Structures are given as C-alpha cells and as structure tokens.
Amino acid sequence: MTAVEDRTGALTAPPVASVGRDGRAALRRRLVDGLGTSVATLPAGEPVVVTLPLLRFARTRPDSLAAPEEPFAWRPAFVRRSLGLAVVEACAAGRFGSPLDAVGPVATLAIDQWQETGWRTFHWEPWLAGLAHGAQATVLADAAGWATALWSSLDWSGLDPRTRIGGADDQWVCPATHAVRLKGRSDVRVPLAPRGSGASDAGNEEPVALVSLSGGCPSPAWREELAYLALVAALRSPSRPVPARVVGVWPDAGADRVVEVDEGALVDAADLVVTTATAVVEARMSVPA
Amino acid sequence: MPVMDIERPHGLPRRFEGGDPMAGVPRPPAPRPRGCAAEHRHYPARWEPLSGPDLLDRLRVTGRRRPRARADLVQVLRSGLESGLGAVGEGGIGGQPGVPPGAPHPAPLVVTKDRLTRVLACEAHAVATPFGQRSNSVALACGAIVDALFRQLVTVGSIGDPMADGLAALAVDGRQSDLVGWVERLSGTERDELGAEVERQAEGLRRRWPALDPSWLPRTQEAMRVRLADGALELSARVDLAIGRPAGDVASVAIVEVKSGARRAEHRADLHFSALLETLRSPAPPFVVATYYTRTGELDVDPVTDELLMASARRTLTGARRLADLAGGAEPGRTAHPLCGRCSVLPEGDVGPGPSDGTGPGARRDGAGEGR
C-alpha cells in the first residue's frame, strides 16, 4: 500500500465514533456560555470571525491578533485554493488528466463566463482577466501547485462518486452575542457508510469525512484544529450527522493526521475556540483607542 | 491513481543509461595532418548545452537504480539530526511537547539553505546580514525575473516579452514589490543591460527547456518543511521545480533548481539539502537533484545516494547547531575567506587566506580582525 492508498483508506473507513443529540446540545451550550463570557467586553460592531488560520495565528503569532486588518487586495494566494479546487474537480470528473492540463482552461472558462454573463463564480475573474500575461501565469502556477498537492494526496478512484470538492464554508453565529462567527473551510467532503444500524443521530443521512489541506507542518494542536472543522459543520447543520472524521494533509511536510470525531474531540475544539476568542478580545482591548 | 511516474524511455539504452556514455555526443575530429595551420588543430566542435529530449533524458536517466523507500534510512537521518541537535546548549534545543491547546507555541528555529550556507561560510557575516535581507542588484533582479519566467514556461508553455512578463510576475507577488520598484528606478543603461541579459536567458529557456508531460505532475516553487526535535527546529526549502508523482515504494521525484548566475560550489550543497528534506518528508528520496544554469544551459545532475544524504545531514547538523548557538547568544566566529577584503557587511575585516592553505570556507577560525 502506498501512502496515498493508506490515507484514502483511512479517510473512507467506516466511522468509529458518533456524537448523539444530547452530546451535541451540551456542546452547543458549552460554546455559547464560553463565548458569551469571553466577548462580553467587546465593543459593538467589531465581530470576531474565528477561522482555522486564526486558531493557528493565536498561538504562533499572538502579537498579530491586535494588528489592524489590512485592506483587501487580490493576490495569487487568495486565488490558489478556489481555482485549485475547481481544477481538482475538473480532474476528478475526468475532464482533464492532471492539474497542469486543467488550470489554464478552467481559469479561462471562468473568465469567459463572467464576461458573458457578468456572474462571478469565484469573484477573482475580473482581477485575473485584467492581469498581464506574466502575472496571470504566476496565479495559474500557484493554483496548479495547490491543486497538484491535493490531487496527489488521495486516490480519487477510491472515493464515493458523491464526494464534494470545495463548496461553501460552514458558518455559525453564536446566538448569545452575535459578535462571534465561526467559519470552517473543508476542501473535500466524502460520504461514509453509516456506522452500524441506528448509530446515526440524524435519520438515515450518511456522515461525512472532511479533508483539509494546509501549508507548513502540523502544529501541536492539530487534533483540536481538525476537530474545529467538524465542530462548525455540526453547529451549522443540527439536522445532519456530525462529520465522523477529519483528515488533515500537510503536503509541505508530507504529513497527514486523522481525527475520529467524538464528543471529547469536539469539546476540545470548542475550548480552543473560546480560548482564541478570548485572546482576540484581550488583544483588541489592549490597543489604545 | 490517475497520476504517473516520470516515464522512462523504452527500447535501447540511451545515453547515460548503461550504454556508451559518449554515444551520440559530437566527438572531436581526428588529428589533422602535420603542416596545417595551428588554429585548425583546435577542435572546431563547440560544447553545446543539452536541449529538449536530451536534457530531459539527462534528468531521467541517471544510470543507477532508482532508490527505494527506506524507512531505516529516514530513521537514521532523523535520529542523527535530532540527537546531534539535542546536544546544543545546556539542555539541547528545547522541544514543545505538552504545550496545552491555546497556549502560545515557541517559534521553531528555521533552517534554510541560505541560512545554512551563510552560517557555515562565516558566522559573523551571517549574523550581520539578517535572514531575508539582501541588497538589490542587477544580478538579483535577473535571478528573480528568470525564476518567474521559468515558472511561466513550465506552467503555460510560453514566454512573451521576457522583461514585461517577469516584472508582471514579480509585481503580483507582494513580497517582491521592493525589487520591482528598484528595477523601475534603474537608469536607462542599467535597465537595458538587465533587459538584454533577461532576454538572452529567456531565449535559452525557450530553445532548450523541454516541455514536461503534465501527467508527471510538474510543480513549481514547491515548499518543503520538516520539523525536528519536537518542533523546536524546522528545516525549510522551496525548490524551483519538482517533477514526478509523490514517491511510493520507489523514488519517483526529480528536483531542479534554476540559477541565472555562474556556477558556485554551494549550489550543490543547496541541492543536497533539498534532497534531504524530500527524503525526510516522503516515503522515498528523490532519485535525482539537478541545477540548471539558464545563462549557459549547463545542467549539473546528482543521482541521490545514501552517502549524499548522510553528508547533507552532517552539514545540516553542523549549520543548525551553529545557528542554534547564535540564537542562544553565542559570540559569532569569523571565518577567513579570500573575499573578506571586499566584504561590504564587515568592511573592517582583513583579507583572509585562500582556500588553498586549508582555511577556506568552512574552516572556522574565531580570531578577531578577520572578515569576509
């Protein structure tokens, strides 16, 4: 078995844990209570948006939490994931043999469709269309590299045909304060066969396994970080099963990690969210007005 | 898996694959009879750089078996590095085990090929030039532009106006805005010189660099990271080109670095550092690492062997220990070098003895008054 086959096997194995309704409700209460306390001092109009990168920065670069947000400007790094996912989707659908084959046509199609209809599927279409040739090539190279990393991480022939590549972020707004929003971004969602009979807490719907691709190396808190993606998905869709598993892939490091999602994993992730939100609030409050 | 290894040539052995290594290579003519003019006795056949399929074969066919996945080798390399690093300072390089979730993580000591080369050449020089700080120059700009053009050629298969394409590529990457601004402020003559050199090297790339089959998964500017000693140390590299699907049981990856300047001894050590990282992060080592010189078309190829990896690990350990010592407040030593007298960073240094007397780069001396 190659590393790719091993990883794909671990991703698609039957679930080994599940989270029941009671556990889910308790988790939600824990998070609402914790966040309500931590952001009580936050001035109105300054919401905290918790993301996976924020969870990481809060520990690796805590000084960055108080830094003012830079005004948004498109960069290749902001295109690489969305274009890369579209490229992988095109390859998985059999339209192209490899990411390098696909990246140019996929980007061109997106621009053509925007020019024809005015609809921006990815939002970057006008920016990319307006770039000079050399700059466009850099954007495509970045996206091709990202897509190649994901494409070569899994055995796509071994995945359920209903596997979803990309898709909208999972989001949840804390009802206690509305000042905290959690965003979870999974790159692939793979349907899994339910564990035994009646194990699912949400009717007959199948649980999914999530895949998250990250740069760099796994941090010491990789378990909580990966479980965070399942946490947001669970909060966002109470009627759907909690994702059964999250597989993290760090291509730069040639590393992968798997979290089987149970109540303990979700509680740890929720605690990390509260700790991080508290750190963000404290950092903001420490900045002189 | 819908991915492929770099396809190996079929049929008869070609050059460098066990046959006559000179087969197909233009040979000098037989000696001319006495009495001919002296200049006619010189070889008329000039050395020609490899191009197209020949260049690709030179990369693909090393004349050796491709290395197999070797967990024991990786273990030896990793444990050798970690045990060596553990001896640094009083308590060794500290780890991060048991850091509770939410608590800040100490940043690792990052070891790159540049930092390694600089600290091994001269600690004082390395300390005086902070990480990532380089003076802009025509050579640096040429290198950055040619790197971008190479990436463009691999990705989209063509280069238009080399200066325009290269500068546009650098401009869209926010990290290079300082260099782009510097180029734009160059005088007409300097900019023309830069443009001419970029044009010349781009033309060489167009003519010689082979098209890569997309199924070999060519990827540019690939990052590699390896954490050691419980995350206290991070080896980091970014290679210009990696080709071949990620390795399974047998090595399948080739790594290429592109250089726009002249050949230098440390380029090989840089390559070997990349080979070490790929080995530590993947099931199998790369089967080959190569430097492609865009100025001349030269291609330096190193098949990856255990000895190469062990030597690179030793060099990495030596450099990482020096970096760790310096980070811990140790006094930087100075290493004599023939270029010390022209050093702009430590201009007070005397001219160091040359390598011929055994005190060249890497021969560390801690005496005062020496520079680089």
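Mentor: In chain A, five strands make an open sheet of mixed pairing, ordered β2-β5-β6-β7-β8. This is a predicted model, where local features need pLDDT of at least 70, side-chain atom pairs count only at pLDDT 80 or more, and totals for chains, interfaces and linings use all residues. Residues are numbered from 1 along each chain as its sequence is written, with chains lettered from A and ligands numbered from 1 in the order in which they are written.

Trainee: What leaves one side of β2 and of β8 in chain A without a neighbour in the sheet?

Mentor: β2 (164-165) and β8 (255-260) of chain A are at the edges and have a single partner strand each, so one side of each lacks a neighbour. Strands here are DSSP runs of E with at least two residues, and helices are runs of H or I with at least four, numbered from the N terminus.

Trainee: How do you know that β2(A) pairs with β5(A)?

Mentor: Pairing requires at least two bridges found by DSSP. β2(A) and β5(A) (residues 188-191) have two bridges, in the antiparallel sense, so they count as paired. Arg164(A) has Arg189(A) as its bridge partner in β5(A).

Trainee: Over in chain B, what makes β4 mostly covered?

Mentor: A residue is buried if 20 or more other C-beta atoms lie within 10 Å of its own, exposed if 12 or fewer, and partly exposed in between, with C-beta atoms placed from the backbone. Six of the six residues of β4(B) (254-259) are buried. Ala254(B), Val256(B) and Val258(B) cover one side, while Ile255(B), Glu257(B) and Lys259(B) are on the other.

Trainee: Which strands does β4(B) pair with?

Mentor: Three bridges join β4(B) to β3(B) (residues 233-243), antiparallel, and six join β4(B) to β5(B) (residues 288-293), parallel. Ala254(B) stands opposite Ile243(B) and also opposite Val288(B) in β5(B).

Trainee: How many residues are in contact between the chains?

Mentor: 47 residues of chain B contact 44 of chain A, a contact being two C-beta atoms, placed from the backbone, within 7 Å. β2(B) gives the largest share of chain B's side, nine residues.
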